[in-house]
Amino acid sequence: MTKQEIMDVILDCTGKLRHVPTLMELLEMTDVSHRNIIKHFGGYIGALQACNLERNELGGRGHKISLEKLFIGWAGIVRKLKKLPTQSEYEHHSHYTTTPLVRRFGGWRQVPHALKLFAEKFGLAEEWKDELALVKTTGMLPASKPEKWLRAMLKAPTYGPPMWPGPLAYGPVNEMGVVFLFGALAQQLGFVVHRLQPEFPDCEAMRRVADERWQYARIEFEYESRNFLKHMHEASGCDLIVCWRHNWPECPLEVLELRKLLPKIAEIENQNAPQIAQMKR
């Protein structure tokens with residue numbers, strides 16, 4: 001199995017169990033072999049870290065590794081080595097792989113600068129001032145990613161692609177944006193919402209399936225469809241995933257990907273615009 005296939009299996013297993021599996025649970029439930037895990041990740045802990053998961057010693061539940069925990073671990077290695085670690089040095093001394101940091105900041109060269117800005121913003125810089133002093137202010141970043149880019153990434157909000165004219169100026173960058181956009185387009189999509197709630201599933205609605213036929217639907221909103229797995233939801237408790245980006249090809253549920261529906265909705269509205277204007281007169 002490839003590295004990505006193993007990660008997909010671990011995430012799928014996590015969703016089915018509703019907790020991060022032990023190594024024995026994974027080997028018993030799937031075709032993944034311990035040899036392949038060692039080959040690609042060096043061990044099971046490395047595989048979990050590559051999935052951005054860790055096991056809680058008390059309850060076994062998986063959760064994302066906080067940036068504060070990653071910073072403290074990285075700074076501790078800097079203190080031990082008396083220099084900024086390479087990727088291999090970091091993975092040798094850390095409980096985690098480099099994957100969570102590289103995913104957040106786009107590359108290992110950006111990590112020291114981004115973590116320094118994080119420490120300064122959240123009051124951790126004084127405790128680790130000697131280690132952060134090793135982060136040079138120039139010469140470490142490629143020209144395509146200047147320091148102001150890193151500072152903006154930590155401090156300033158980010159926006160999706162422009163969508164105007166429309167109900168949302170920019171495309172969603174989180175689940176809240178998906179909920180808003182769905183609500184704004186519900187009528188065009190053929191839905192009437194009955195209930196929104198913080199519990200799973202997020203929404204209960206009626207959906208038009210024919211000219212005079214409607215069907216009850218339990219809806220879960222996700223920014224990316226694969227987040228359904230990360231949130232450890234049960235597929236049996238849901239009928240439809242509404243998301244901005246569909247990145248879960250093997251999803252057992254129907255998926256409504258708003259990103260790809262928007263151009264079709266705009267096209268239909270443009271075609272009907274003259275008729276609507278005539279009706280208003």
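**The sheet and its surroundings**

Modeller: Helix 11, residues 175-189, lies across strand 1, strand 3, strand 4 and strand 5. Its direction makes an angle of about 155° with strand 3. Keep in mind that this is a predicted model.

Start with the layout. Five strands make up an open sheet, in the order 1-2-3-4-5, and the pairing is mixed. Strand 1 and strand 5 (254-257) stand at the edges. Each of these two has a single partner strand, so one side of each has no neighbour in the sheet. Direction ignored, neighbouring strands are turned by 35° against each other on average. What holds such strands side by side? Strands of a sheet pair through backbone hydrogen bonds, and the pairing is either parallel or antiparallel.

Now walk through the sheet from strand 1. Strand 1 and strand 2 pair in the antiparallel sense, over five bridges. A hairpin of six residues joins strand 1 to strand 2.

Look into that loop. Strand 1 covers 191-196 and strand 2 covers 203-210, and P201 sits in the loop between them. The peptide bond from F200 to P201 is cis. Its omega is near -5°.

Move on to strand 3. Strand 2 and strand 3 are antiparallel too, with seven bridges between them. E204 has R218 in strand 3 as its bridge partner.

Next comes the parallel part. Strand 3, residues 213-224, pairs with strand 4 in the parallel sense, over five bridges. Here F221 stands opposite V242 in strand 4.

M232 lies in the loop between helix 12 (227-230) and strand 4 (240-245). Its phi is near 60°, a positive value in a residue other than glycine. Is M232 buried or exposed? With a relative accessibility of 10%, M232 counts as buried.

K82 is found in the loop between helix 5 and helix 6 (87-93). K82 is exposed, with a relative accessible area of 66%.

Why is neither bonded to another cysteine? A disulfide is a covalent bond between the sulfur atoms of two cysteines. To count here, the two sulfurs must be within 2.5 Å. For C238, the closest cysteine sulfur is in C251, 8.5 Å away, so it is too far for a bond. For C243, the closest one is again in C251, also at 8.5 Å, and therefore too far. By this rule, the count of disulfides is zero.

Now leave the sheet for a helix pair. Helix 5 (residues 67-81) and helix 8 (residues 111-121) have axes that come within 11 Å. These axes cross at roughly 115°. The crossing of helix 5 past helix 8 is left-handed. On the helix 5 side, the residues in contact are L67, E68, F71 and W74. They meet V111, P112, L115, F118 and A119 of helix 8. Eight of the residues in this contact are nonpolar, none is polar and one is charged.

How covered is helix 8? Nine of its 11 residues are buried, so helix 8 is mostly covered. Among the buried ones are H113, A114, K116 and L117. Just after helix 8 comes G123, with a positive phi of about 75°.

Finally, step back to the whole protein. Its secondary structure comes to 13 helices and five strands. Of its 281 residues, 41% count as buried. Take the contacts with a separation of 6 or more: residues 24 or more positions apart account for 45% of them.

Technical notes. Residues numbered from 1 in each chain as written. Predicted model: local features only at pLDDT ≥ 70, side-chain atom pairs only at ≥ 80, totals over all residues. Heavy atoms only, no water. Axes fitted to C-alpha atoms, helices over the stretch in contact; angles between N-to-C directions. Helix = DSSP H or I, 4+ residues; strand = E, 2+ residues; numbered from the N terminus. Left-handed = near helix turned anticlockwise from the far one by under 90°. Contact = heavy atoms within 4.5 Å. Nonpolar A, V, L, I, M, F, W, Y, C, P; charged D, E, K, R; others polar. Buried < 20%, exposed > 50% of the residue type's maximum accessible area, 1.4 Å probe, protein only. Pairing = 2+ DSSP bridges.
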